[in-house]
Amino acid sequence: MFRFWGSQEQQPQHDGSSSQSWYPPSVMSTPSSSRPATPSAASSTGYASPRIHPSSHVPPAEAAGVIAALKDKSIDELRKMLSDKDTYQQFLNSLDMVKTQNNLKDELCKENLQLAEENLKKEPRIMELRNQSSIIRTTELAAAKEKLSELEKQKEEMLKMNSPASLIHRIQESMNKTDEESENLHQKILDREIDLASFLQNYKKLRIAYHRKSLIHLAAKTSNI
């Protein structure tokens, strides 16, 4: 029969151990499986078999420690480790590097537990501060906002009263009042209600004040304020 490109004949599988192993293929693969295929193997299948790279890299020092722990094991003990997961786990936990990692994990768990307990102890204080903050927002802050609003209104009123337009208007009103007083005084002298000496003295003061205010009013209107 014709052989198609890339087809392979199924080879009988041989079990290297007497019992079924629970290890994954990457662990059970022998060192020879990671070597490149020989020319004879490549010619029989039509292409070279791929390389199998190890799934993890163990530091030399740690690998030496594992080898030292395994070299005293008997064949039966090694086979039992391959077939019994509990036996393998017991051996794994007996290694120094695993013990170190487990101790570190226990210390971290202990520290996390302490932090959690401290946070729980602080929770009543946090709730108290939240309640105080809520009270401040609802009472003191509201009163402060009201006071601020009142002060802003007073500020606006003062700015309006002291604005250039307001000042000019007040000078104009004062001028009109002084002019009216001088006219009333003039009418009194015509009606002979006051004597001439009093009229001259008061009338002179009123007119001087009127003209002074008039000059200030004119200067304010012509300036850039």
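**Reading helix contacts in a predicted model**

Reader: How does Leu92 count at its relative accessibility of 26%?

Author: Leu92 counts as partly exposed, because its relative accessibility of 26% falls between the limits: buried means under 20% relative accessible area and exposed over 50%, with partly exposed in between (1.4 Å probe, protein chains only). Leu92 belongs to helix H5, residues 85-94. Its C-alpha atom is separated by 10.0 Å from that of Met81, 11 residues away along the chain.

Reader: How many helices and strands make up the secondary structure of the protein chain?

Author: Both kinds of element are DSSP runs numbered from the N terminus, helices being H or I of at least four residues and strands E of at least two. Here the chain comes to eight helices and zero strands, so that reading from the N terminus gives α-α-α-α-α-α-α-α.

Reader: What share of the residues counts as buried, and what part of the contacts joins residues 24 or more positions apart?

Author: Of the 225 residues of the protein chain, 9% count as buried. A contact means heavy atoms within 4.5 Å. Among the contacts in the chain with a separation of 6 or more, 57% are between residues 24 or more positions apart.

Reader: How many salt bridges does the count give?

Author: A salt bridge is a side-chain nitrogen of Lys or Arg within 4 Å of a carboxyl oxygen of Asp or Glu. The count by this rule is two. One of them joins the side chains of Glu128 and Arg125, at 3.4 Å from N to O. Both residues lie in helix H6 (residues 96-161), three residues apart, about one turn of the helix. Glu128 is partly exposed at 38% relative accessible area, and Arg125 is partly exposed at 45%.

Reader: Which residue forms a salt bridge with Asp179?

Author: Arg207 does, with the closest N and O atoms 2.8 Å apart. Because Arg207 lies in helix H8 and Asp179 in helix H7, the pair ties together parts that are 28 residues apart in sequence. Arg207 is buried at 18% relative accessible area, whereas Asp179 is partly exposed at 25%.

Reader: Which residues does Arg207 touch, leaving out those up to four places away in sequence?

Author: With that exclusion, Arg207 touches Asp179 and Ser182. Ser182 is found in helix H7 and is buried, at 0% relative accessibility. The side chain of Ser182 reaches the backbone oxygen of Asp179 at 2.7 Å. Under the exclusion of residues up to four places away, Ser182 in turn touches Tyr203, Leu206 and Arg207.

Reader: Over which ring does the charged end of Arg207 sit?

Author: A charge sits over a ring if NZ of Lys or CZ of Arg is within 6 Å of the ring centre and within 35 degrees of the ring normal. The charged end of Arg207 sits over the ring of Tyr210, 4.7 Å from its centre.

Reader: How many aromatic pairs does a search of the whole structure find?

Author: Rings of Phe, Tyr and Trp (its six-membered ring) pair if their centres lie within 6.5 Å; planes under 30 degrees apart count as stacked, over 60 as edge-to-face and the rest as tilted. The search of the whole structure finds one pair. Phe199 and Tyr203 form it, stacked at 5.0 Å centre to centre with 25 degrees between the planes. Both lie in helix H8 (residues 196-222), four residues apart, about one turn of the helix. Phe199 is buried at 9% relative accessibility, while Tyr203 is partly exposed at 25%.

Reader: What is the phi of Arg192?

Author: Most residues other than glycine have a negative phi. Arg192 is not a glycine, yet its phi is positive, at about 60 degrees. Arg192 lies in the loop between helix H7 (164-190) and H8, and it counts as exposed at 75% relative accessibility.

How values were computed:
Residues are numbered from 1 along each chain as its sequence is written. This is a predicted model: local features need pLDDT of at least 70, side-chain atom pairs count only at pLDDT 80 or more; totals for chains, interfaces and linings use all residues. Side-chain values use heavy atoms; hydrogens and water are left out. A polar contact is a pair of N or O atoms within 3.5 Å; within protein, one must be able to donate a hydrogen and the other to accept it, and residues adjacent in sequence count only if both atoms are side-chain atoms.
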